[in-house]
Amino acid sequence: MKEYVINAENMDEKELNRTIKEQAITHDKLIINNPESRHNICAGLIEDVEIEINGSAGYFVGTMVNGPRIHINGNAGWFAGDNMTEGELVIEGTAGDGAGQGIYGGTVLVKGSTGSRTGEIMKGGTVIIGGNSGYMTGLLMMGGRLIILGDVTDDVGESIMRGSIYVLGDVKSLGKNAVMDKATQEDQKELKEILTQYDFDLSDEDYKNFKKIVNIQ
């Protein structure tokens, strides 16, 4: 594997992203040190490349990407993975509001908790939250799969049109047009396939306890 290390300590956002895009063409993996919560890291990246970010990222990390596999050894700000069309974004820590906003495909995984409006207006793909999620999770969802292993607060699935929200923990309240049921056996099978792929070790009883939130139809 051909690797390239980027020290972002003295770079502004434009210089960092220009360097990422230039080096992604000729390398299999980029390692970004000292990101210092800069915004828009990897914005618009379309190369099939592995990105390792050692530290926290700011707003819109991985926005509008198509193909890269981004791993953040830290936290992320608002709108992580915004409008991703293909690829993977794994955040070891927490993320702010709007994680997975508007994604069309690929996977956004936050191992910790997120803020409000997780997965809002998502059209496809998968968003996984290992902790809790805030207000209006799944707002205006149009498709895809949103999986929350912790609790969610008010108005889950507000104005959801299509797609499915799965919650293992407590649901404080549902939003307009949302209805809750238990996950089917087929749902449980799919959830197990996805979550074991990302090293979540849940019991069979846990999978039976997932709640499924969809459009009321």
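## The two sides of helix H2

On helix H2, the face turned away from the buried side carries the exposed residues Gln185 and Gln197. Here exposed means over 50% relative accessible area, buried means under 20%, and partly exposed falls in between (1.4 Å probe, protein chains only). Helices (H or I, at least four residues) and strands (E, at least two) are DSSP runs, numbered from the N terminus.

This is a predicted model, in which local features need pLDDT of at least 70, side-chain atom pairs count only at pLDDT 80 or more, and totals for chains, interfaces and linings use all residues. Residues are numbered from 1 along each chain as its sequence is written, and side-chain values use heavy atoms, with hydrogens and water left out.

## What lies on the buried side

The buried residues of H2 are Asp187, Gln188, Leu191, Ile194 and Leu195. They cover an arc of only 135° around the axis, so they sit on the same side of H2; the arc is that of the directions from the helix axis to the C-beta atoms.

What do the buried residues of H2 pack against? Their partners are strands E7 (126-129), E8 (142-148), E9 (162-167) and E11 (211-215), together with helix H3 (204-208). Contact here means heavy atoms within 4.5 Å.

## Positive phi angles

Most residues other than glycine have a negative phi. After H2 comes Asp199, with a positive phi near 65°.

The loop between strand E2 (29-33) and strand E3 (50-54) holds Ser37, whose phi is positive at about 60° although Ser37 is not a glycine. Asn40 lies in the loop between E2 and E3 and has a positive phi of about 65°. Ser37 is partly exposed, with a relative accessible area of 39%, and Asn40 is partly exposed at 27% relative accessibility.
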